[in-house]
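Subject: Structure handover

Hello,

Here is the structure I promised to pass on. Please open it beside this email and follow along.

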Amino acid sequence: MSTQAIPRARPEPAAGAPSPPVPAQLRRNAALVPTDTAAGRSLAAVIAILTFLAGLCAGAAEMVAANAAQWQGDVAQEVTIQIRPSPGRDVDADLARAAGIAKAEPGIAETRVFSKAEAERLLEPWLGSGLDLSDLPVPRLIALKLDRGRGSDLKRLRARLLEALPGVASLDDHALWLQRLSTAAGAFVGIGIGLVILVLVATGLAVTFATRGAMASNREVVEVLHFVGADDDYIAKAFQRRFFGLGLRGGAIGAGCAILAFVILGLLARAARSGPAGQEVEALFGAFQIGLRGYASVVLIGVIASLVTGVVSRITVRRFLA
Amino acid sequence: MRSLLPGAERPVVQFENVGMRYGLGPEVLSDVSFRIAPRSFQFLTGPSGAGKTTLLRLILLSARPTRGLVSIFGEEVSGISAKALTGLRRRMGVVFQDFRLLDHLTTYENVALPLRVQGRTEASYRAEVVELLRWVGLGERMHALPPLLSGGEKQRAAIARALIARPDLLLADEPTGNVDPGLGRRLLRLFLELNKLGTSVVIATHDFGIMDAVDARRMVLGEGRLRIEE
């Protein structure tokens, strides 16, 4: 064996020596940290489950928020004028006068005066049917539909009603009720966001433990990488890449399952509401669909779960190496 | 590059009164002083448990001395930064007694590792790695994972990994321990050729057959003390 036989570390291109043919299908750049291990698969499964749960929470919160907003929009489009009957006054005349004032107001699209029979029918659920209510001072209602396009000045309407029919007419814009609905919906959404954050924190902790375990079981790999001249940053990146991959896989599976669950539940709900009872349920609780924003937030949670996995594993590895 | 005054050259490794103990145990090494000159070739020998591996670990900077001074490539290593440490390690090649090949990487990937961790692209070193693998007789085994290699093949893969980055200092711990005498002599020739090209070589062994084949300096460890036989 001559010294010439020792390969040059960096063959000079000028020499023109044909480089030895490299076998095809040579595996060249396998991950430095073993990837397909039992621990890795378990971690991906944990991340998938957590992402799935977080996705369900986010979707449910989004659904409540969307339905509440729609409901509020519908309710806020309607205001009611209440005319209280009082002795010595002609209720029908008061009613007509109030309706006239409302009609004259800009921004009111429609006025509908509830007849006496209609007003009495509204009390039926509470008082039962077949009662003679003529002796009771049943308040009469005028429902006003607001014009969505044009702003309406409810304050001025209220002032004018008070001026024309003091102590008789009052305007109810459902503000108190709307506020309660909005508080309830807000609380629900807040709980949903809180659960999502908790689940992401749990993901981070699970990844911390898994990274520590992986570092311990890959101590040999880390040591060899150090000896062949890898710096901590390089090693941390190798681990981060591996865990980001696992996180991405877990996140994708979890988010995919959550989206699938919403699609299937949506289809089931659509099938169930074909009857009149179903329609009533929908009128009350809104449609079972999470919309584009809901799906986007589920996907976003999957992405965030993978990012959390990558970042947390990197920090853990850096701490471990230091 | 050869200096006219070899004695004035900066030693590759310099130990001054180095003592080393693990925890509160007895000193494994005491008052060890020596230098390894550039382009030198030496054996490190002594009975098992005499501290050969500890000495190699001190040179590799995977252990720190309890007392005394260790300089590697002219740099005193106490309080060295992580970045400088990586820089020094990249100038060393090491063959471990138990090879320490990564079992999930192919022979090719294992040998390419020192170049890969320097951030070089695979295309830039492919030819080099394949050439070296063929040269150590592993051309047909580059796809194989280490668990499928024989002892001798693992040894050659480990040596190829130590050589691939053309280190200034090569440390080999019992590199001929697992191979038949014929292959042992071939590997020794390989180290000698590498030495002729300018690498300082330290071979830890207690194989007298190998040591008698080469007229080289012997660093003999016994009971924690070092004796040098020129």
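A helix here is a DSSP run of at least four residues, numbered from the N terminus. A:Ala98 lies in one of them, helix H2 (residues 91-104) of chain A. Keep in mind that this is a predicted model.

**Start at A:Ala98**

Is A:Ala98 buried or exposed? The cut-off for buried is 20 or more other C-beta atoms within 10 Å. A:Ala98 has 27 C-beta neighbours inside 10 Å, so A:Ala98 counts as buried.

Which residues does A:Ala98 touch, leaving out those up to four places away in sequence? They are A:Ile81, A:Ile83, A:Ile142, A:Leu161, A:Leu165 and A:Ala169. Take A:Ile142. In sequence, A:Ala98 and A:Ile142 are 44 residues apart. In space, their C-alpha atoms are 8.3 Å apart.

**Chain A as a whole**

Chain A has 322 residues, and 27% of them count as buried. The chain holds 9 helices and 4 strands. Along the sequence, the pattern is α-β-α-β-α-β-α-β-α-α-α-α-α. Now look at contacts in chain A with a separation of 6 or more. Residues 24 or more positions apart account for 86% of them.

The 4 strands form an open sheet. Their order is E2-E3-E1-E4 in chain A, with antiparallel pairing. Strand E2 (108-113) and strand E4 (169-172) of chain A are the edge strands, and each pairs on one side only. From one strand to the next, the twist averages 20°.

Inside that sheet, strand E1 (residues 78-83) and strand E3 (residues 140-146) of chain A pair over 6 bridges, in the antiparallel sense. To find one bridge, go to A:Gln82. Its partner in E3(A) is A:Leu141.

Next, find helix H3 (residues 116-127) of chain A. Its 12 residues reach 16 Å from first C-alpha to last. That is close to the 16 Å expected at 1.5 Å a residue. How many of the 12 residues of H3(A) are buried? The count is 0, and the helix is hardly covered. Just after H3(A) comes A:Gly128, with a positive phi of about 85°.

**Chain B**

Chain B has 7 helices and 10 strands. Buried residues make up 43% of its 230 residues. Among chain B contacts with a separation of 6 or more, residues 24 or more positions apart account for 69%.

Here 6 strands form an open sheet, in the order E6-E7-E8-E3-E9-E10 of chain B. The pairing is mixed. Why does one side of strand E6 (92-95) and of strand E10 (225-229) of chain B lack a neighbour in the sheet? Both stand at the edges with a single partner strand each, so one side of each is left without a neighbour in the sheet. Neighbouring strands of this sheet are turned by 15° against each other on average, direction ignored.

One pair in this sheet is parallel. Strand E3 (residues 41-45) and strand E9 (residues 217-222) of chain B pair in the parallel sense, over 4 bridges. There, B:Thr45 stands opposite B:Val220 in E9(B).

Helix H5 (residues 151-163) of chain B lies across E6 and strand E7 (169-173) of chain B. It runs at about 170° to E6(B).

**The cores**

Nonpolar side chains tend to be buried together in soluble globular proteins. In this model, the largest nonpolar core has 111 residues. B:Leu133 and B:Ala160 touch the most other members. Helix H1 (residues 38-76) of chain A gives the largest share of this core, 13 residues. Apart from it lies another core, of 15 residues, including A:Val79, A:Leu161, A:Leu165 and A:Ala169.

What is B:Leu133 in contact with, beyond its neighbours within four places in sequence? Its contacts are B:Thr107, B:Tyr108, B:Val111, B:Leu138, B:Gly139, B:Met142 and B:Ala160.

**Where the chains meet**

The contact takes 27 residues from chain A and 36 residues from chain B. On the chain A side, helix H6 (219-227) and helix H7 (232-272) are the elements that give two or more residues. H6(A) gives the largest share, 5 residues. By class, the chain A side has 18 nonpolar, 4 polar and 5 charged residues.

Best wishes

Key: Residues numbered from 1 in each chain as written. Chains lettered and ligands numbered in written order. Predicted model: local features only at pLDDT ≥ 70, side-chain atom pairs only at ≥ 80, totals over all residues. Core = buried A, V, L, I, M, F, W, Y, C linked by C-beta atoms within 7 Å. Contact = placed C-beta atoms within 7 Å. Nonpolar A, V, L, I, M, F, W, Y, C, P; charged D, E, K, R; others polar. Pairing = 2+ DSSP bridges. Axes fitted to C-alpha atoms, helices over the stretch in contact; angles between N-to-C directions. Expected span 1.5 Å × (residues − 1).
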